[in-house]
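Please open the model in your viewer and keep the selection panel at hand. The stops below tell you what to select and what you will find there.

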Amino acid sequence: MTQFLDYVLGGIGSGAIIALMALALVLTWRATRVVNFAQVGQAMFTTFIALSIQTLTGSWFIALIGAIVAGAILGVIVQYLVLRPVKRMDTSGAIIATFGVLIALQAAAGMIWGGDSQAYPQPFSNTAISLFGREWPLSVYDLVVIGFAGVLVVGLTLLFTRTSLGLSMRATAFNPEVARLSGVRVGRTLTIGWALAGVVGAVAGVLVAPTSAISPNSFDILLVFAFTAAVIGGLDSLIGAVALGIGTGLILSVVSGYSDSSNAPVVALVLLALNLAIKPEGIFGHNSARSV
Amino acid sequence: MLSITDLSVHYGPVQALSHVSLDVPRGEVTAVIGANGAGKSTLMRTLAGLVRPESGSASLDGKVLTGHRAEDVVRMGVALVPEGRSTVPELTVDENLRLGGLWRSKADRAATHAEVFDMFPVLGDRRKLRADTLSGGERQQLAIGRALMCDPQCLLLDEPSLGLAPLIVTQILELVKRLASEVNIAVLLVEQNAVTALRVAHTAVVLNLGQVVMSGTASDIASHEELRHAYLGC
């Protein structure tokens with residue numbers, strides 16, 4: 001039982017990272033009704049930028065800020081250069097285009113930074129915390145990750161529910177024509193949504209990199225987990241993405257603990273298939289039809 | 001005053017509007033009536049900036065509207081309530097109203113918000129509820145309220161009676177008429193239901209296949225036997 005609880009607790013840190021990436025997917029979905037499969041590619045690219053900044057300045061924090069700025073800019077570039085022209089055709093075209101962007105970003109990163117895995121410096125202690133006479137399966141770094149996820153979720157929720165920009169973004173997602181007729185600059189609002197998603201993805205990338213390593217393909221598996229969490233959470237729901245992101249992290253940690261970590265992706269896909277069979281609108285979603 | 005001069009619109013090879021000219025004076029309700037497919041909604045969507053005209057122009061008090069995008073046209077003082085009680089169903093009543101005119105100052109918006117609640121008390125009672133829980137008549141009031149939040153000098157109403165009980169239609173249209181005269185805005189009302197429209201309108205034009213086939217005072221048009229048989233089917 002203790003072992004089980006340790007496996008569960010050990011999944012919170014990775015769950016928080018999955019939650020952030022799922023959050024980024026939900027943000028682009030809410031803004032433009034497109035699942036952005038390039039999201040992890042953007043996060044990988046901005047994490048490489050962060051690594052370069054880290055190497056130059058030696059500061060983890062400045063590197064994080066650099067990744068955030070790069071994430072916003074890259075989000076705008078992808079939305080503006082790829083999504084806008086393609087979206088005029090149809091939605092499935094846009095989704096396929098995001099795969100194209102993912103592959104292009106991976107190739108570009110390979111050319112710039114090389115295809116090998118590189119270590120990302122660990123800014124905080126990553127050893128198990130000892131407290132009350134035992135070792136806990138959590139490190140200071142896990143707590144930092146959870147803290148970042150919490151702040152971002154609360155901040156985004158406030159943005160969506162309390163500000164004019166948030167109201168514009170929600171109205172644009174639900175009914176762009178009424179939003180335009182009300183005076184909302186819809187194109188700009190969509191772009192801001194993609195920039196915001198880019199920022200959240202960039203933070204997730206910088207946070208996950210020290211726990212594994214970074215290479216052009218190292219975040220691909222994160223896409224599988226985050227996509228699973230976002231879809232099961234209902235795709236429209238920030239809370240759903242976070243809850244299911246953390247939940248996915250916990251389940252995968254338990255699965256990896258009792259069997260082998262290579263089984264984790266299979267379990268994620270089984271969960272996704274079960275969700276689509278039983279409750280396709282997602283746990284936190286509304287029951288309107290959608291196609292992904 | 002809203003002035004429409006020689007406006008033509010094409011959808012591919014289909015001519016939706018052909019050389020439409022029309023004046024909509026302030027303080028009055030001007031009705032556009034005609035059968036399905038006469039080009040009524042196209043006229044409204046073109047005025048609101050959702051559709052680009054092929055030629056011709058529209059202007060409000062001398063400011064040219066055509067060529068501007070919808071989000072700018074509404075800033076210039078022309079607000080459209082599109083067909084089908086268009087609100088954002090997922091947002092609350094309050095949020096739907098707040099959405100209108102976000103570019104205006106907070107104080108101005110708060111004042112209009114209070115005026116809308118005075119005008120449509122039922123919206124005040126339901127302010128925290130999602131728009132999709134409202135009845136059809138309440139949603140139409142909300143749609144008009146959202147447009148009024150944009151502080152329009154000209155209000156475009158596209159088929160407000162669609163799917164509503166006759167009594168509610170009469171109430172809403174009487175309110176629109178009062179609004180036009182009290183706030184001195186120009187109201188352009190599109191209706192398939194000619195009898196209802198002609199009851200509140202001062203002047204009216206009849207559209208058929210994208211062309212103005214008749215214009216005059218509402219009472220003239222209402223009493224024109226031949227026209228009623230030919231275009232209005234009543």
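Two residues are in contact if their C-beta atoms, placed from the backbone, lie within 7 Å. This is a predicted model, in which local features need pLDDT of at least 70 and side-chain atom pairs count only at pLDDT 80 or more, while totals for chains, interfaces and linings use all residues. Residues are numbered from 1 along each chain as its sequence is written, and chains are lettered from A and ligands numbered from 1 in the order in which they are written.

Begin where the chains meet: 17 residues of chain A are in contact with 21 residues of chain B. On the chain A side, select α6 (164–174) and α7 (176–181), the elements that give two or more residues; helices (H or I, at least four residues) and strands (E, at least two) are DSSP runs, numbered from the N terminus. The most comes from α6(A), with 6 residues.

Next, stay in chain A and select helix α1 (residues 2–32) together with helix α8 (residues 186–208), which pack at an angle of about 170° with their axes 8 Å apart; axes are lines fitted to C-alpha atoms, for helices over the stretch in contact, and angles run from 0 to 180 degrees between N-to-C directions. Because angles over 145 degrees count as roughly antiparallel, α1(A) and α8(A) are roughly antiparallel to each other. Residues making this contact include Leu20(A) of α1(A) and Trp194(A) of α8(A).

Finally, move to chain B, where 4 strands form an open antiparallel sheet in the order β2-β1-β4-β5; two strands pair if DSSP finds at least two bridges between them. The edge strands, β2 (14–24) and β5 (63–64) of chain B, each pair on one side only.

Terms used. Angles under 35 degrees count as roughly parallel, over 145 as roughly antiparallel, 65 to 115 as roughly perpendicular and the rest as oblique.
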